[in-house]
Amino acid sequence: MKRIVVLISGSGSNLQALLSQAEAAQLGGDIVAVISNKAEAYGLERARIAGVPTAVLSHQGYADREGYDAALMALIDGYRPDLVVLAGFMRILTPGLVRHYQGRMLNIHPSLLPNYQGLHTHRRAIEAGDEEHGCSVHFVTEELDGGPVVLQARVPIFAGDDEAAVAARVLVQEHAIYPLVVRWFCDGRLAMRDGQAVLDGKALPAQGYAED
């Protein structure tokens, strides 16, 4: 069983999806720790209810990102993870940390990458007049939200939708696809090779997995 460490900053709804799949023995690995940079993050309570160890490492008190990320890396490595999962961890990671976990760190982003990297994705999609939006699971690289995409899910944007409506629609899909991708990794089906996501030995297209 692969060892998984999850990093969060907030309510942890994607964490809950992962915890539920793990409890049902459908994740293919064990969540051995949940780490947050914010002590008030409700996701920590979700982890405690599930019996998963938690840790808090605030960025306050560190002079720079490099110092914080060095401490974070030491904390993560103490749990001996095979996979690090970012589930709403609201910090930009330093290149050194990203390289340390190259090929074994996943993130989920609320847009159809490469569209709308960064923040406020739902607002930007609405303002652009898009009829379709979604979410992407990708490997983490030094480029912000720029790592190879593994899987995407699409949702419609209807006339009159506000950010909250679109966000809620996207979140449902996030909860569906993130545990699936984690399961692929834990089952040995998914890897990152030569800067590409590879599933079952085949390089995935830029938009990730697509059924034949």
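**Pocket lining and helix packing**

Helix H6 contributes the largest share of the lining of the largest pocket, namely 4 residues. The structure is a predicted model, in which local features require pLDDT of at least 70 and side-chain atom pairs count only at pLDDT 80 or more, whereas totals for chains, interfaces and linings use all residues. Residues are numbered from 1 along each chain as its sequence is written, and side-chain values use heavy atoms, with hydrogens and water left out. Helices (H or I, at least four residues) and strands (E, at least two) are DSSP runs numbered from the N terminus.

The largest pocket has a volume of about 960 Å³. A pocket is here an open set of points on a 1 Å grid over the protein atoms alone, where a 1.4 Å probe fits, with protein on both sides within 12 Å along at least five of seven lines; lining residues have an atom within 4 Å of a point. The volume is the space filled by probe spheres set on the points, which are joined across faces, edges and corners. Of the 37 lining residues, Gly88, Phe89, Met90, Ile108 and Pro110 are the closest to the pocket centre. At least two lining residues each come from H1, strand E5 (105-109), helix H5 (121-127) and helix H6 (163-186). The lining comprises 14 nonpolar, 15 polar and 8 charged residues (Ala, Val, Leu, Ile, Met, Phe, Trp, Tyr, Cys and Pro count as nonpolar, Asp, Glu, Lys and Arg as charged, and the others, Gly among them, as polar).

H1 also packs against H6, at an angle of about 45 degrees and with the axes 9 Å apart (axes are lines fitted to C-alpha atoms over the stretch in contact, and angles run from 0 to 180 degrees between N-to-C directions). H1 is therefore oblique to H6, a term for angles that are not under 35 degrees (roughly parallel), over 145 (roughly antiparallel) or 65 to 115 (roughly perpendicular). In this contact (heavy atoms within 4.5 Å), Ser13, Asn14, Ala17, Leu18 and Gln21 of H1 meet Leu171, Glu174, His175, Tyr178, Pro179 and Val182 of H6. The contact has 6 nonpolar, 4 polar and 1 charged residues.

The axes of H1 (residues 13-23) and H2 (residues 42-49) come within 9 Å and cross at roughly 15 degrees; the two helices are therefore roughly parallel. Ser13, Leu15, Gln16 and Leu19 in H1 meet Gly43, Arg46 and Ala47 in H2.

The backbone shows a cis peptide bond from leucine 113 to proline 114, with omega near 10 degrees. Proline 114 lies in the loop between E5 and H5.
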